[in-house]
Amino acid sequence: MPARENILARIRAANKVANVTDVMDSSVADRLASPPISPLPKLDWDPEGQFKRRCHESASTLDEIAQIDELPLALTRYLSKNTLPTKLVCWPEFIDLPWSAEGIQIESRGAIGDDKVGLTGSYCAVAETGTLVLLSGQESHATTSLLPETHIAVIRRSRIVKTMEDAWQLIRGEVVSLPRQVSFISGPSRTADIEMTLVYGAHGPFRVHVIILDQ
Amino acid sequence: MELTSHQFKSVSSAKLKDVKLQKALYKAKDGFVVPRAKVVADLDNFEEIRQAAADVRDHGLAHLDVYLEEWEKQAQAAGTIVHWAESYEELNALVVKIAQDNQVKKIIKSKSMVGEETGLNQYVEGHGIEVKETDLGEYIIQQAGEHPSHIIAPATHKSKDDVADLFAEKHQRPRLDDAEKLTHEAREILRPHFLDADMGITGANFMIAETGSTVIVTNEGNGRMTTTMPRVHVAISSIEKCIPTLDDFALMMRLLPRSATGQVISNYVSMTTGPKRAKDNDGPVEFHVIILDVGRTRVLGSDLREALRCIRCGACMNHCPVYQNVGGHAYGWVYPGPIGSVLTPAYNGIENAIDLPNAATLCNQCGVVCPVKIPLPDLMRKLREKQYERNLKSSAEKWSLRLWAYLALRPKLYSIVTRIMARVGKLLGGDSRRINHMLFGGKDWTRHRDLPAPRGRTFRDIYLNRNKTTNR
């Protein structure tokens, strides 16, 4: 691969790196081994309150439930209030809830182009920016939060962390290696490409509804 | 992309008289400058964070070879296929080869400025493969057959009416009259392409050495679609986008959306590490990353090195009084505004973009807002010096500078000449105290504006006199 070698050689020449060794520069090795945290802004808010504020600012709607069993009822409430279809696709973790009692038709699979409502969990959430963090995987299809017009996400209260740095800390501790995609989602899809006019639903969901779960 | 920066003067004169463009630029200025100021104030230690970001970028660039090797190692471990390209042709040919190897007929593309540099769309289409831009702004200009005029808002020079006419013609549907309806029509038209395209091409805002990931930052969701739906994904990026760690990325994300659109965070930040895993239900089967070096290593070894810190937020152009008046197309290449005035000559040769480093008042608005503290006015000044050293300046400018230098080195003579000029200037200014018509080299100056006339006494006269009267 001549391009690779040529480019690396040119970088070394530009940086005046005299001899190339197999030993990594200690400032680089240290940074990679234990990544330092750069100065943070003042985080003088309680994470949950900040998360809710930011969700609101980024045009997500919010609800809270005490137990996961309450999810079907909470969804019915939301869907009927917004006159949305009661046919959903969801991540496998939610399929065993008592959906039929609420008249909701739900399937556990990835979304396709025609699905209107998608229900997902959330690995964690970042309070500073009101952001859901979703990891793609076998049990957490990326399409469910992307293709439907409405995305409903459940986040456990205990999984709301302060900053993106905290989210990385959590991931480093719990996940062996990064999944194919880590998606940070902050509110519905939007654009302002025509005369700076803000429009929701550019390509992704028109609506994001966040349900905070106590337990 | 073809370089037309040598036409800067004539194109910008025309742009100044383009009423529609002036209206669009005025809107864009308010849309970017005010929201940015608000969310920056929201960080109590913006300056500290900015400095940290500049330091991280400098550290990353100082060890760029090691970080790129680490990035490659991690990316390959996750199953990413890594390519390197030393020329635009090489990158374009790699993309076409990947497409042909995978029997690709249709490509969906999320915005990439590197792709604009290499003229990727035209090249790929030349090989019989369909390419659909999917960022709304990029889609608009692709339909119109134009180039982006801004790095994050590519169609900012277009009015709603322009878009309405364009869509009516291209979509063969009734003409729509508001931004929301137009956006949703584009959504409807593009959705089937997302679902049946064979390959997706994206840029990469960052490459993260620690994990071998690439990241794209978008608001529309087209980036997530492009990285998730097709069976092949190709990300194109350039060497200087590599940063060390996930935490360094978190730092950059505190600055990029704030500086770009005045958002606390962009809607979708999508970090990709490798292709679809064996048991995953979605994602591409193949993930390629092509890393480009055209001009970057040359800049790295030069005194313009700080320009490589750039994270492509666009704040420098949004705040530039020249950009605000002439728009992005006048700059004649991919990157407009102050950063473009540095990168265009740095990547394409200073003799090919003579006017750009001079198309600045050096007011330092760009330097003040740059989230990674690139000293843009200093870099433009260095380019001006290089123009002078390489004898690329006009003879009138050279002679004026020589004359000024001659006087400046002789304080007494300088004092006499400036006294005469201050008095003559006062006479020329007359009652209006403005000079409207200068002669010789000054003709160009007064063609579009006037000059406040001197008041008859030089600063030194006034200062000396003040010392006498106040006896200090």
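Trainee: Which residue of β9(A) is the bridge partner of A:Val133, and what makes β6(A) and β9(A) a pair?

Mentor: The bridge partner of A:Val133 in β9(A) is A:Phe184. This is a predicted model, in which local features need pLDDT of at least 70 and side-chain atom pairs count only at pLDDT 80 or more, while totals for chains, interfaces and linings use all residues. Residues are numbered from 1 along each chain as its sequence is written, and chains are lettered from A and ligands numbered from 1 in the order in which they are written. Two strands (DSSP runs of E with at least two residues, numbered from the N terminus) pair if DSSP finds at least two bridges between them. Since β6(A) and β9(A) share four bridges in the antiparallel sense, they are therefore called a pair.

Trainee: Why is strand β6 (residues 131–135) of chain A called mostly covered?

Mentor: A residue is buried if 20 or more other C-beta atoms, placed from the backbone, lie within 10 Å of its own, exposed if 12 or fewer do, and partly exposed in between. Five of the five residues of β6(A) are buried, whichever way they point: A:Thr131, A:Val133 and A:Leu135 face one way, and A:Leu132 and A:Leu134 the other way.

Trainee: And what makes B:Asp161 exposed or buried?

Mentor: B:Asp161 has 12 C-beta neighbours inside 10 Å and so counts as exposed. B:Asp161 is found in helix α9 (residues 160–171) of chain B, where a helix is a DSSP run of H or I with at least four residues. From B:Asp161 to B:Cys316 there are 155 residues in sequence and 28 Å in space, C-alpha to C-alpha.

Trainee: How do you know which strands join chain A to chain B?

Mentor: Strand β9 (residues 181–185) of chain A and strand β9 (residues 268–272) of chain B run antiparallel and are joined by five bridges, with A:Ile185 set against B:Tyr268. The open sheet has eight strands in the order β8(A)-β5(A)-β6(A)-β9(A)-β9(B)-β6(B)-β5(B)-β8(B), and its pairing is mixed.

Trainee: Why are β8 (160–161) of chain A and β8 (242–243) of chain B said to stand at the edges?

Mentor: Each has a single partner strand, so one side of each is left without a neighbour in the sheet.

Trainee: How many residues make up the contact of chain B with chain A?

Mentor: Two residues are in contact if their C-beta atoms, placed from the backbone, lie within 7 Å, and 82 residues of chain B are in contact with 64 residues of chain A. On the chain B side, helix α10 (residues 179–196) gives the largest share, nine residues. The predictor gives the complex an ipTM of 0.97 and a pTM of 0.93.

Trainee: What makes up the other open sheet, the one with six strands?

Mentor: Its order in chain B is β1-β10-β7-β4-β2-β3, with parallel pairing. β1 (81–85) and β3 (130–133) are called edge strands, as each pairs on one side only. Within this sheet, seven bridges join β7 (residues 232–238) to β10 (residues 286–292), and B:His233 stands opposite B:Phe287.

Trainee: Where do the domains of chain B lie, and how many are there?

Mentor: By an automatic or database assignment, chain B is divided into domain 1 (1–42 + 305–393), domain 2 (56–294) and domain 3 (396–470). The centres of domain 1 and domain 2 of chain B, taken over C-alpha atoms, are 23 Å apart, and 30 residues of domain 1 are in contact with 29 residues of domain 2. On the side of domain 1 that touches domain 2, α2(B) supplies the largest share, 11 residues.
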